[in-house]
Amino acid sequence: MTDITAPSPPAAGDRYVLNPMYLFRWEPTQDAHVLLYPEGIVKLNQTAGDIIARCDGHRTVADLVGELQQRYPGDDERVTEGVYKFLEVFRAKGWIRRQA
Amino acid sequence: MPKDGSVVRLDGQGKPLWLVLELTYRCPLKCPWCSNPVDYARDGEAELSTAEWKRVMREGRELGALQLGFTGGEPLLRDDLEELVADASALGYYTNLITSGVGLTEERLAALKAAGLNQIQLSLQSSDRELTDTLVGARAFDLKLKVAHQIKAQGFPMVLNVPVFRHNIGQVADILALAEQIGVDYLEFANIQYYNWAMVNRDELLPTREQIAAAEREVQAARERLGDRMTIYFVIPDYYEGRPKACMNGWGSIHLTIAPDGAAMPCQEARIIQGLEFPTVRDNSLAWLWNESPTFEKFRGDAWMSPTCRSCDEKEKDFGGCRCQAFLMTGDAANTDPACSRSPHHHLIGEAIARAHAPGRKVQPLVMRNDGNSRRLAQGGQGGGGAGTGCGSGAARVEVDHV
Ligand SMILES: C[S@@+](CC[C@H](N)C(=O)[O-])C[C@H]1O[C@@H](n2cnc3c(N)ncnc32)[C@H](O)[C@@H]1O
Ligand code: SF4
Ligand code: SF4
């Protein structure tokens, strides 16, 4: 089940999963990850791709933050903030859903 | 058909991101707003073969195409559809089937699923059985509903496409309820665009501004009620906007359509522009057609624009509107789209609206899309509409199915 109730900000224990409507993959001709869905194409920047690749329904937000902090060492606080912000935006766009 | 509501958050970088294959113009239905050419039944080249379509898809991927639409006519009339879908999936496309639903069975759905089809766009014309069947000229309503449920049962993402015009614009609330019950993911109310068959029937089909406003209010209420559950698009009619649509994101910018006979076009309507040639994939590589053919080059950039557009600060946003509409209504495809309030031809839009709603206007029967009407319209020199006339004048001479 996915939540359809009023949105609340991501919490450390939440798990996100890609909206099944979307196809997420690496696209060599764009040199980027893309999201493909009915009527749309989104080219993702590297960070966005890194985050969506990890929205697999298993990793928690805390796991995700940990992995991204390792991948982008230096400013843990900024990475954490970025992940939370991105998740919120992606969910609002309908790309990912929070698992209930 | 790629829509004005389409989302492309990505600069095409000169790549044909969106490839649309019109597998056939044949269709069991007779929609009098159909966007297929009015003269589709004229004797012409044969449809591309399976092998030829496969070559097109391969070359499209090489050029960077990502989205692939199978449409028509009715694409299910091609019995190689499953084979083509399988090929497209293997090539890495996101595959869309755009269908009336006629010809879709449990077996074919399962085969399409196995072939890797990503999504299905089903058209529905009304929430009312009788009205649907009358409008499309066949018993289709029950079948469409059954197919809609089967599509969801097979787990396909589904777009329900509702072409909107005078006869069904009052049913928006009922159609929303029906879509909710089916479990539609995307519901698209597409105010029809007035080319081809829709242009022939424009006086009968064009809704009023008040009708559109009322429909939009229903949509807004539903959006608030349904939240994330269903995405609802409402494609506005440019006749009432004062602003043109950013047609196809610009001519030859990201869209490439291949007609049943292999003609390469920047959009599905482009063939109505007289004086342009549409070379085919039978004689040319897709790369040449896209990158070098004079037809695709013709309206790229802004050198071709009228002074009205070239000096306008909106030109990067709407590219001067629709070339087909400019041609149909003004006789010159390079003119500013008359839907734009800055166009010197904008009064033509007002006149069309006034004509369609003139007090005491006599209701005419709809001219159904069928082979007989198609041949007659083609003969009358109305192949897609002569300049300026908007082909409405052809209506008197053609055979009328019923309604
Ligand atoms: C031309 S049809 C071909 C596929 C299939 N026969 C069908 O009707 O779904 C493609 C899509 O265009 C829509 N359509 C047809 N005529 C239109 C028009 N004049 N303006 C906008 N959309 C139109 C249909 O509702 C359909 O969703
Ligand atoms: S819009 Fe209607 S008539 Fe035209 S191709 Fe689709 S189903 Fe056939
Ligand atoms: S004048 Fe041309 S560029 Fe300016 S808004 Fe109108 S159509 Fe667009």
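1. B:Arg300 has a relative accessibility of 21%, so B:Arg300 counts as partly exposed (buried is under 20% relative accessible area, exposed over 50%, partly exposed in between, with a 1.4 Å probe and protein chains only).

2. A word on the model before going on. This is a predicted model, where local features need pLDDT of at least 70, side-chain atom pairs count only at pLDDT 80 or more, and totals for chains, interfaces and linings use all residues. Residues are numbered from 1 along each chain as its sequence is written, chains are lettered from A and ligands numbered from 1 in the order in which they are written, and side-chain values use heavy atoms, with hydrogens and water left out.

3. Over all chains, the count of salt bridges comes to 27. In one of them, A:Asp14 meets A:Arg98 with the closest N and O atoms 3.2 Å apart. A:Asp14 sits in the segment before β1 (15-18) of chain A and A:Arg98 in strand β6 (residues 96-98) of chain A, 84 residues apart (helices, H or I with at least four residues, and strands, E with at least two, are DSSP runs numbered from the N terminus). A:Asp14 is buried at 18% relative accessibility, and A:Arg98 is buried at 7%.

4. In chain B, have a look at B:Glu82 and B:Arg108, a salt bridge with the closest N and O atoms 2.7 Å apart. B:Glu82 lies in helix α2 (residues 81-91) and B:Arg108 in helix α3 (residues 106-114) of chain B, so the pair ties together parts 26 residues apart in sequence.

5. Strand β3 (residues 32-37) of chain A runs antiparallel to β4(A), joined by five bridges (strands pair if DSSP finds at least two bridges between them). A:Leu36 stands opposite A:Ile41 in β4(A). Two residues lie between the strands, and A:Glu39 takes a positive phi near 75 degrees. In β4 (residues 40-44) of chain A, four of the five residues are buried.

6. Finally, ligand 1. A nitrogen atom of ligand 1 lies 2.8 Å from a backbone N or O atom of B:Trp33, and an oxygen atom of ligand 1 is 2.8 Å from an N or O atom in the side chain of B:Asn161.

Key: A polar contact is a pair of N or O atoms within 3.5 Å; within protein, one must be able to donate a hydrogen and the other to accept it, and residues adjacent in sequence count only if both atoms are side-chain atoms. A salt bridge is a side-chain nitrogen of Lys or Arg within 4 Å of a carboxyl oxygen of Asp or Glu.
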